[in-house]
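Colleague: I would like to learn how to read a sheet and a helix in a model. Could we take them one feature at a time?

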Amino acid sequence: MVLLLTGAIDIRNKKTPSTSLTDLSVRLSQYLFSINYAIENYRQISAIVFCENTNYYHDYSALKLKAEEYGKQLEILSFAGDYYQISEKGKGFGEGESIAYALQNSELLQNSCAFFKLTGRLYLRNMDQLVGSAKADNCFNFHPRSIYQMPVDHVETFFYKVNKDLYNSLLLNTYQEVDEPNYRYLEHLFYEKLADQPIRAFKHPLQLTGLSGTSGNSYMGDGKAILMEKISCFLGVHNLRKTPVEKLATHLFSFILRINKLRKLF
C-alpha cells in the first residue's frame with residue numbers, strides 16, 4: 001500500500017497564510033523525522049511518496065537506502081507550487097496542488113489503485129491498525145458541526161484513504177475552489193463533494209502526533225478529547241454514510257453534549 005506525504009519545506013520567502021512555523025531547519029527536521037518514522041514503523045505500508053511544493057533540494061539518499069533495508073520504496077517529488085494562489089486562497093490550495101502533482105508524476109502512485117494520504121509533518125502511532133482495518137478503498141473521517149462545535153460540517157484532510165478513480169472524478173480540482181479568507185476551506189469542500197457517497201470512516205481513533213502548522217499546537221488531544229474520539233468511533237459519528245442506528249446514536253450524542261454545555265453556563 002502506498003502512503004503519500006505532502007509537505008512545504010522552505011517557506012521563508014513565501015506568503016503562506018495561517019502558518020506559525022516558518023523556520024527552515026525545524027520544518028526540514030520534522031519532515032525528515034516523519035519519513036524516517038514511516039520507514040521504521042509503518043509495517044503495512046510498502047511504498048512512501050513524499051511530495052513537497054517549495055522546490056527545496058535535500059539529499060534523501062540515506063533515507064532511500066534505509067527504506068530498502070526495511071523492504072520499502074521511497075520516492076521524492078519536489079516542485080515549485082503556485083505561492084501566489086496559495087497566499088490568496090490559503091494553504092488548502094497548496095495541499096490540493098501537491099496531491100495533483102503527485103498523481104501526475106509519481107511512478108509509485110501510477111501503479112496503485114488507492115493510497116493513504118498524510119500531512120507530512122505528522123505521524124500516526126497506530127498506522128498499522130488503521131491500514132489493516134481499512135478494507136474499503138475510501139475512508140474519510142467526517143466531523144459533524146453538531147458535535148464538533150464547527151460552523152459547518154467538514155471532512156478531515158490530514159489523513160485519509162482514497163481510490164484514485166474517486167479522487168480524480170470528485171476531488172482532484174477541489175483545491176481550486178478553496179477561498180480561506182471567505183471561509184471556504186478544503187475540509188468543507190471535501191464534505192460537499194463526498195456527502196452523497198457511501199463512505200465509511202476509520203474504525204479506530206487516529207493516534208496522531210505532531211504540531212499544527214497553523215497554530216503550532218500539538219495534535220495530541222487531552223484526555224477529554226481522546227475519550228470523545230473513542231466514543232465517536234464507537235457510535236459511528238465519523239461515517240458519512242450512516243446506518244439508522246448510527247444516525248440515532250449521533251443525534252443522541254449531540255443532544256447530550258449540548259445539554260452539558262448549557263449546564264456549564266449556569
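Colleague: Which residue in β4 is the bridge partner of Leu 3?

Modeller: Strands of a sheet pair through backbone hydrogen bonds, either parallel or antiparallel. In this predicted model, Leu 3 has Phe 116 of β4 as its bridge partner. Likewise, Val 2 stands opposite Phe 115 in β4.

Colleague: How many bridges join β1 to β4, and do these strands run parallel or antiparallel?

Modeller: Strand β1, residues 2-7, is joined to β4 by five bridges, and the two run parallel. On to β8: five bridges join β4 to β8 as well, but these two run antiparallel. In that pairing, Phe 116 stands opposite Lys 161 in β8.

Colleague: In what order do the strands of the open sheet lie?

Modeller: Five strands form the open sheet, in the order β3-β2-β1-β4-β8, with mixed pairing. At the edges are β3 (73-78) and β8, each of which pairs on one side only. From one strand to the next, the twist averages 20 degrees.

Colleague: Is β4 mostly covered or mostly exposed?

Modeller: In a regular strand the side chains alternate between the two faces of the sheet. As for β4, five of its six residues are buried, so the strand is mostly covered, with buried meaning under 20% relative accessible area.

Colleague: Which strands does helix α1 lie across?

Modeller: Helix α1, residues 24-41, lies across β1, β2 (47-52) and β3. Its direction is at about 170 degrees to β1.

Colleague: Now a helix by itself. Which residues of α8 are buried?

Modeller: Helix α8 covers residues 164-171, and its buried residues are Lys 164, Leu 166, Tyr 167 and Leu 171. Seen down the axis of α8, they fall within an arc of 160 degrees, so they line one face of the helix. The face turned away from that buried side carries the exposed residues Asp 165 and Ser 169.

Colleague: What do the buried residues of α8 pack against?

Modeller: They pack against α4 (91-105), α5 (107-110), β4 (114-119), β8 (159-163) and α9 (186-194).

Colleague: Which side chain reaches a backbone nitrogen at the start of α8?

Modeller: That of Asn 163: one of its side-chain oxygens comes to within 2.7 Å of the backbone nitrogen of Asp 165.

Key: Residues are numbered from 1 along each chain as its sequence is written. This is a predicted model: local features need pLDDT of at least 70, side-chain atom pairs count only at pLDDT 80 or more; totals for chains, interfaces and linings use all residues. Side-chain values use heavy atoms; hydrogens and water are left out. Buried means under 20% relative accessible area, exposed over 50%, partly exposed in between (1.4 Å probe, protein chains only). Helices (H or I, at least four residues) and strands (E, at least two) are DSSP runs, numbered from the N terminus. The arc is that of the directions from the helix axis to the C-beta atoms. Contact means heavy atoms within 4.5 Å. A polar contact is a pair of N or O atoms within 3.5 Å; within protein, one must be able to donate a hydrogen and the other to accept it, and residues adjacent in sequence count only if both atoms are side-chain atoms. Two strands pair if DSSP finds at least two bridges between them. Axes are lines fitted to C-alpha atoms, for helices over the stretch in contact, and angles run from 0 to 180 degrees between N-to-C directions.
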